[in-house]
Amino acid sequence: MMNFLVKKFIPDYPENNVAVRTAAGVLSGTAGIFFNLLLFAAKLIAGILSNSIAIVADAFNNLSDAGSSIITMIGFRLAGHKADAGHPFGHGRIEYITGMLVSTLICIMGFSLARESLGKILHPQETSFTSATALILMLSIAVKLYMFCYNRRFAKDLNSVALASTALDSRNDTITTALVLLGQLAGFFFHIRIDAWLGLGVAVFILISGFGSIIETVNPLLGQEPDKDLVKNITASVMNNKNVLGMHDLMIHDYGPGRRMMSLHLEVPYTMTLEEAHELADRIEQRLSGEYGIETVIHVDPVDNSDVLTRKLREDLEGFLRELGPDVHYHDFRTVHEKPHFRILFDVAVPYGFRLSDQEVTAYLKDRFHEAAPGARVIISVDHYAPAKA
């Protein structure tokens, strides 16, 4: 059924653009509302008739999922709005906020299930189990598995954290209902009351999944480290150009799926004219935009390798940094011969959590340069980076 609806309402699927993402989010939300309200009504009736707190709690779990679907649908609608004067980078991050809200609802439901289960452990009640109850629970499992499959497909094709959270919730509901069914069967056939304990275990599982999903949706909002492979590929693409001596200060800003910007510094020979350097930077910007779909801004740094003193001081710096450690690097090294001061300027990059503070690194390097070039004015900027994991 979902394949039919996708072909009918999202003809461009799985192309990952704003219109497709919005349509997929609305379709997923609409289907989620319909299925969850249907399951809520069926389980509520079954829970009341069988006097099962676990089934009633599972029913209200589906009601909260219907609310989550409404949030998801509204979130995709808002995220699809075009950029405006107040939001020049668009509204794409609303999708991350939507995913966080869905994950929060998952955690709330986990707490609710834990409370209900503890209450049933402390105050056990007799339940009645019928074939109609079993049929409702088994149909619920089948529906939730179906919802998990199509939401996971949407999330994977569109790289959507909101739909990934929705798929996770559907998977959790499948496990929850399956364990509720097992508890009912154990009580009916073996007179073993384990449904409350199973409910408590499910609640803990849901809480762990919910907190993990919150972390995944909060990280893009806070500004997380870009993907290592993406950085590696961008670096290779930039360096594969004539007259490019190096690059540094690559920054990628995520304003929502499909809405990324990045900036970087490009090192070129100082003998290039301004027009030549601009043409090179413009060509690379267009290539990166075409290859990765990321709007790019490049800052050009001229590098002078002809000055003997500059080369000697650069070699001195490389030696100083080796003394600090293999993870300390530099870039944008240059010297300025202007009266009354001879200036040495560069940026030093240290990993996060480095054993020395920025002030200690700066003081150490200035002391060493005052020995190597007495009277020089040393200007240092400290950058930080996350070292590659082994």
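## Ser-50, tucked away

Buried here means under 20% relative accessible area, exposed means over 50%, and partly exposed is in between, using a 1.4 Å probe and protein chains only. Ser-50 sits at 1% relative accessibility, so it counts as buried. This is a predicted model, where local features need pLDDT of at least 70 and side-chain atom pairs count only at pLDDT 80 or more, while totals for chains, interfaces and linings use all residues. Residues are numbered from 1 along each chain as its sequence is written, and side-chain values use heavy atoms, with hydrogens and water left out.

You'll find Ser-50 in helix H2, which covers residues 18-50; helices are DSSP runs of H or I with at least four residues, strands are E runs of at least two, and both are numbered from the N terminus. Setting aside neighbours within four places in sequence, Ser-50 is in contact (heavy atoms within 4.5 Å) with Ile-55, Thr-127, Ser-128 and Thr-133.

## The overall build

The protein has 11 helices and 6 strands. Its radius of gyration is 29 Å, well over the 21 Å the globule rule gives for 390 residues, so the protein is more spread out than a compact globule. That radius is taken over C-alpha atoms, and the rule is 2.2 Å times the number of residues to the power 0.38. Along the principal axes, the C-alpha atoms fill a box of roughly 95 × 50 × 35 Å.

## Burial and contacts

Of the 390 residues, 44% are buried. Among contacts with a separation of 6 or more, 69% come from residues 24 or more positions apart.
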